[in-house]
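Hello,

Here is the structure we talked about handing over. My notes follow below it.

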Amino acid sequence: MTGSLIQQLQDIVGRRYVHTGLRGTRRFRRGYRYGDGEVLAAVEPGTLVEQWKVLETCVAADVAIIFQAANTGLTGGSTPFGDGYDRPIVIISTLRNTRIDLLDNGRQVLCLPGATLDQLERRLKPLGREPHSVIGSSCIGASVTGGICNNSGGSLVQRGPAYTQLSLFAQVDAQGCLHLVNHLGIRLGGEPLDILTRLDEGDYTDADVDFPQGVQASDIEYKEHVRDIAASTPARFNADPRRHYEASGSAGKIGVFAIRLDTFAVAEQEKVFYIGTRDPAELQTIRRHILANFKTLPIAGEYMHADAFRAAQIWGKDLYFFIRKFGTVNVPRAFAAKSWFDGLTERFGFGKAISDHLLQWASRFLPEQIPERLITYRDTYPHHLMIRAGDACIAEVRDYLTSIFPSAAGDFIECTEAEGKAAFLNRFTVGSAVVRYRAVHGRTVEDIVALDVALPRDTMEWFETLPDEMSNKMALKIYVGHFLCQVMHQEYLVKKGVDCAALEHQICALLDARGAEYPAEHNVGHLYEAKPALREFYRGLDPTNTFNPGIGKTSKCRHWHETPHSRPSR
């Protein structure tokens with residue numbers, strides 16, 4: 001069966017696009033930060049019709065299927081994870097299907113499953129519009145569809161989790177039959193091959209595009225939802241059923257072929273305000289005042305601890321420099337080249353993460369990129385808040401901050417354009433810096449424990465203080481977050497020899513006591529346990545457990561049977 005299936009897949013997409021063996025499948029089966037496991041093959045369809053035929057063949061062969069786009073997730077949610085699967089796994093990579101169509105003069109877009117946020121951002125820029133998320137995930141080439149499937153939140157305060165009710169997807173029913181469901185709101189015919197052929201060729205007109213009343217292509221209610229600072233629940237989190245709908249939040253439990261999304265007008269003017277303080281309560285006062293009283297919400301409000309600032313400045317320096325020099329468009333290519341190099345050096349026995357050691361050594365010779373005033377704030381204040389305001393909101397932020405600063409604990413800077421760009425870029429290299437730190441400190445760091453936390457909207461004591469017994473097990477603690485939404489990314493580089501799973505359980509117990517939800521905006525992947533409502537959503541989408549089995553620590557077996565003993569991989 002195995003040889004026959006691989007031959008059939010090669011007949012559909014060509015031998016070049018069917019990858020087998022440990023080396024051939026490495027970049028598909030190994031996650032950006034977590035996840036690895038055996039796969040039978042990784043397949044790269046070049047059209048939607050090919051993607052459908054590959055899917056039909058895999059369903060007929062009764063293999064497990066993982067749909068994968070950019071494979072940039074932080075929780076291993078689009079890769080296999082250890083063993084314990086009862087079937088071979090085939091990864092279907094969508095990265096060759098990247099077309100983006102503009103609808104309604106660019107107020108909406110249709111994205112094929114491999115389109116990236118960076119591509120969408122560049123496509124919309126001449127129109128004065130932008131996608132749901134900018135920078136951050138786009139830096140490492142994250143896909144638009146991946147954001148929808150994970151309900152990714154992003155940094156932009158007014159937009160909430162990535163969400164749409166308009167999608168085209170494949171689903172396997174309880175009897176094991178494959179169906180193509182067209183809920184795009186675009187008339188493309190009735191049969192799967194007719195629909196997909198027309199979509200491949202862009203064979204539709206404005207007259208074929210419907211705008212059904214009440215059907216959403218973004219979370220249009222979030223602007224008011226986030227303002228409710230008295231609510232005892234978080235503003236957004238992955239298990240929130242209010243934003244689970246077909247592709248949205250599906251975590252790969254269906255096969256997505258296309259999605260349709262709203263786009264957003266870019267502010268005519270922008271200004272970044274950089275706040276530093278020694279008192280975290282001061283930032284909470286600012287957050288609550290803005291959400292309760294401002295007529296216009298800021299574009300973004302990003303928190304970064306001084307330790308995270310230093311980590312990004314040192315361990316993310318080469319990425320910062322690369323983006324400044326070559327732009328985000330080239331970052332995915334750089335990561336692909338890095339993965340290829342690491343695979344080669346591992347094959348010849350030079351060890352893991354050789355590229356990280358070389359890049360970190362080379363980064364010592366790069367000039368300092370961070371402006372001097374920001375470095376001064378790094379050394380003066382432990383807590384930093386960056387507010388990016390647009391148009392009418394600029395005056396509101398300026399007037400308010402001027403009325404409360406300087407204070408006994410803090411102050412603020414109205415950034416120049418260069419300072420504002422530097423502040424946000426430094427903030428968004430933190431994630432890569434954490435991975436780099438682990439790679440070059442393999443002798444002293446056991447692993448990363450990464451938690452993506454949504455705090456209740458009424459939380460006052462927002463900054464985490466761990467007991468010494470737990471802190472002493474960590475080489476470094478990193479705190480950043482989308483502060484106005486009270487979403488915190490808490491990453492702990494754990495000392496060698498410490499039981500990471502046990503430590504994570506201890507931290508989660510503290511979070512549970514605070515009423516937090518986690519993950520906030522990342523997929524549950526293979527790190528978090530899906531809560532009961534989320535499990536039922538997955539089972540409703542995929543009753544035979546054909547797609548992405550094991551996600552959220554669920555069963556890896558057919559029809560959701562109990563998973564045998566398995567070995568996880570971090």
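About 50 Å³ of space lies in the second largest cavity. A cavity here is a set of points, on a 1 Å grid over the protein atoms alone, where a 1.4 Å probe fits but cannot get out. Grid points are joined across faces, edges and corners, and the volume is the space filled by probe spheres set on the points. The structure holds four cavities of 30 Å³ or more. Lining residues have an atom within 4 Å of a point. For the second largest cavity they are Asn151, Pro161, Arg236, Phe237, Asn238, Asp240, Arg243, Ala520 and Glu521.

Now the ground rules. This is a predicted model, in which local features need pLDDT of at least 70, side-chain atom pairs count only at pLDDT 80 or more, and totals for chains, interfaces and linings use all residues. Residues are numbered from 1 along each chain as its sequence is written, and side-chain values use heavy atoms, with hydrogens and water left out.

On confidence: pLDDT is the predictor's confidence in each residue, from 0 to 100. Its mean for the protein is 93, and 97% of residues reach 70 or more. Over residues 565–570 it is below 50. That stretch still has 23 contacts (heavy atoms within 4.5 Å) beyond near neighbours in sequence.

Next, the sheet. Helices (H or I, at least four residues) and strands (E, at least two) are DSSP runs, numbered from the N terminus. Five strands form an open sheet in the order β5-β6-β10-β8-β9, with antiparallel pairing. Two strands pair if DSSP finds at least two bridges between them. β5 (100–103) and β9 (178–183) are the edges; each has a single partner strand, so one side of each lacks a neighbour in the sheet. The twist averages 20° from one strand to the next. β8 (residues 167–172) and β9 share six bridges. Valine 172 has leucine 178 in β9 as its bridge partner.

Two helices lie across this sheet. Angles run from 0 to 180 degrees between N-to-C directions, with axes fitted to C-alpha atoms, for helices over the stretch in contact. Helix α3 (residues 48–60) lies across β8, β9 and β10 (255–262), at about 145° to β9. Helix α6 (residues 192–201) lies across β6 (108–111), β8, β9 and β10, at about 50° to β9.

Glycine 185 sits in the loop between β9 and α6. Its C-alpha atom is 5.2 Å from that of aspartate 210, 25 residues apart along the chain. Beyond four places in sequence, glycine 185 touches Leu166, Asp208, Val209, Asp210 and Arg260.

Best wishes

Technical notes. 1 Å grid on protein atoms, 1.4 Å probe; cavity = no way out; pocket = protein on both sides within 12 Å on 5 of 7 lines; lining within 4 Å.
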